[in-house]
Amino acid sequence: MAGHSKWANIKRQKARVDAKKGKTFTQLSRAIIVAARNGLPDPDGNFQLRTAIEKAKSAGIPNENIERAIAKGAGTYNDDDSILEEIRYEGYGIGGVAVLIEALTDNRNRTAADIRAAFSKNGGNLGETGCVSWMFEQKGVIVIEGELEEDNLLEVCLNADAQSYEIIDEEDYQGAEIFTSVETLEQVNSFFQNQGFNVKETELRWIPNNYIGINDPEQTKFLLRLMDALESLDDVQNVTANFDILD
């Protein structure tokens, strides 16, 4: 059930740094707006909203900002006329690497131009809808913090009907990521919490079906720069790519 990706490790480290710098405030607030718009504006009855709120609180977003975002999603906040729409962009990085981007925007022309510029400046190109999405599968991901005994983790994963897991053992962080189907994410999340695990985060994520190994330093530089450029855009929520950096 276990897996490993060096790029995934880099991305986790970067996400922790970004959260500390407050770079994700806009993205997390927009995620709350969309979750509240797509379901009940009550986290007790809306798992997507509850998850978005938990991520926002972990990043240090004030409660008043969270409440304002919920109100915007519910349509009860009247000081903002902008309407956010969810758009998925697809393209290729250098070396034929597939890149999938999820965005929330109130101006799709601006967002498309910004994403196209990020690709072109870093050796890639923005493609048509559907050009790479077939290489990915959306899954639920549960992030657990703390030192873990792998035999125990495996047993709980099997009992919870999780699909797979990845142990995270870094110098400044220990834990695991548990992968589930989209439909069973809430059920598996509850199972792990009831078993006493420290569940830090729960989300939906696009996972590559296979990876392209990258061992050329120049290609690595361009790919990491492309990821940074895309993730720095306020309209971009998530970026996924199917490359792995080899030793």
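A hairpin joins strand S5 to strand S6 through 2 residues. The model is a predicted one.

**Strands S5 and S6**
- S5 spans residues 164-170, and S6 spans residues 173-180.
- The two strands run antiparallel and are joined by 7 bridges.
- Glu166 has Glu177 in S6 as its bridge partner.
- S5 is mostly covered, with 5 of its 7 residues buried.

**Helices H2 and H4**
- H2 covers residues 25-38 and H4 covers residues 63-74.
- The two helices pack at an angle of about 40°, and their axes lie 7 Å apart.
- Because of that angle, H2 is oblique to H4.
- The crossing of H2 and H4 is right-handed.
- On the H2 side, the contact is made by Ser29, Ile32, Ile33, Ala36 and Arg37.
- On the H4 side, the contact is made by Ile66, Ala69, Ile70, Lys72, Gly73 and Ala74.
- By type, the residues of this contact of H2 with H4 comprise 7 nonpolar, 2 polar and 2 charged.

**Glu149**
- Glu149 sits in the loop between strand S4 (136-145) and helix H6 (150-160).
- Glu149 counts as exposed because its relative accessibility is 52%, and the cut-off for exposed is over 50%.
- The C-alpha atom of Glu149 is separated by 10.0 Å from that of Gly175, and the two residues are 26 residues apart along the chain.

Definitions and conventions:
Residues are numbered from 1 along each chain as its sequence is written. This is a predicted model: local features need pLDDT of at least 70, side-chain atom pairs count only at pLDDT 80 or more; totals for chains, interfaces and linings use all residues. Side-chain values use heavy atoms; hydrogens and water are left out. Axes are lines fitted to C-alpha atoms, for helices over the stretch in contact, and angles run from 0 to 180 degrees between N-to-C directions. Helices (H or I, at least four residues) and strands (E, at least two) are DSSP runs, numbered from the N terminus. Angles under 35 degrees count as roughly parallel, over 145 as roughly antiparallel, 65 to 115 as roughly perpendicular and the rest as oblique. A crossing is left-handed if the near helix is turned anticlockwise from the far one by less than a right angle, and right-handed if clockwise. Contact means heavy atoms within 4.5 Å. Ala, Val, Leu, Ile, Met, Phe, Trp, Tyr, Cys and Pro count as nonpolar, Asp, Glu, Lys and Arg as charged, and the others, Gly among them, as polar. Buried means under 20% relative accessible area, exposed over 50%, partly exposed in between (1.4 Å probe, protein chains only). Two strands pair if DSSP finds at least two bridges between them.
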